[in-house]
Amino acid sequence: MRVWVDHDGGVDDLLATMIAARSGDLVGVSVTGGTCFADFGARATAKMLAGMGHTAATVVVARCAARGVNPFPRTWRGHATTIDDFPFLNTADIQAEAARMLSPLPGEEALADALERQDEPLTIVATGPLSAVAWVLENRPAAAKNIASVLVMGGAVRAPGNVEQPGHDGSAEWNFYWDPPAARAVFESGVPVVLFPLDVTNRVPITHEFVQRFAARWKSSFCSLFAGTAWSLTTAKAHTCEGSQYYAWDALTALYLSDPSKFTTEKVSIAVVASGDSQGRSVVRSSGGGPSECLVAFDMDKNAFLVRLLS
């Protein structure tokens, strides 16, 4: 399975990329400046992949040009900057290979070019806003025909949203809220979508106990060293941000690549509210069917997921 990851630079986005790279034939990554500053997100991604042994001969990393309708607060966007400075990602050989991976093209164009080059359909793991995928659908429709499916982390179907911003009713999830028209366009396009909303991702909070389990593995594995160190950046959130908790939103989404049987899914028709005080909200269409019908994950085998994350 050939895979492209479209992410927005959070800790869990980078770990989803790592999982995708170990689950399929990764051909590229596009990075939107959602929960990161895109330059840092792209560099951190390329360095991580170089540390895993990937090279510019097979993988490209590109920074997207999209700007959010409702940007994330700047204070939420710093993790990729810290990761870019991890000492073990800044050896001379890793820096050199990572620099070769970085494309001068905008991520949207790099994704479209990759779709056109493939001799088989490409699976997109989209763990940030859907701006890049929507751009391809609108501007390069011939390329979009080579999308096998899009695994989308986003939305809140039966669960409450997680947006708490002035003028919003709280019904939306942040990835959809960042660019509501893009999310709406993807769900209206008829492209096959598997959706991983807050309904399922809320089952996997990142805890001190989970992160500390990497202690037994980090000396023998670059992936364990990176994952444990990156996850450790998130555990303070539950203590420093009232009512807040970090979840394995994107890592859970990427694990679907290797074992869909661990997820409980239903076919649901989804519409996304594009404007107003509910913008970004995921609405279930009662009629069902049509281009907006997608597969939605509502539950999963939590123990199997945690074991896979630690492996």
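Buried means under 20% relative accessible area, exposed over 50%, and partly exposed in between, using a 1.4 Å probe and protein chains only. I'm working on a predicted model, where local features need pLDDT of at least 70, side-chain atom pairs count only at pLDDT 80 or more, and totals for chains, interfaces and linings use all residues. Residues are numbered from 1 along each chain as its sequence is written, and side-chain values use heavy atoms, with hydrogens and water left out.

**Entry 1: valine 307.** I found valine 307 in helix H15 (residues 302-310); helices are DSSP runs of H or I with at least four residues, numbered from the N terminus. Valine 307 counts as exposed because its relative accessibility is 52%. I also checked valine 61, 246 residues away along the chain: the two C-alpha atoms are 29 Å apart.

**Entry 2: alanine 248.** Buried or exposed? Alanine 248 is buried, at 0% relative accessible area. I located alanine 248 in the loop between helix H13 (237-240) and helix H14 (249-255). Leaving out residues up to four places away in sequence, alanine 248 touches Val204, Ile206, Trp231 and Phe305 (contact means heavy atoms within 4.5 Å).

**Entry 3: H5 and H6.** I looked up how helix H5 (residues 107-117) packs with helix H6 (residues 131-139): the angle is about 60 degrees and the axes are 9 Å apart. Axes are lines fitted to C-alpha atoms, for helices over the stretch in contact, and angles run from 0 to 180 degrees between N-to-C directions. So H5 is oblique to H6 (under 35 degrees is roughly parallel, over 145 roughly antiparallel, 65 to 115 roughly perpendicular, the rest oblique). On the H5 side I noted Glu108, Glu109, Leu111, Ala112 and Leu115, which meet Ala132, Trp135 and Val136 in H6.

How values were computed
Helix = DSSP H or I, 4+ residues; strand = E, 2+ residues; numbered from the N terminus.
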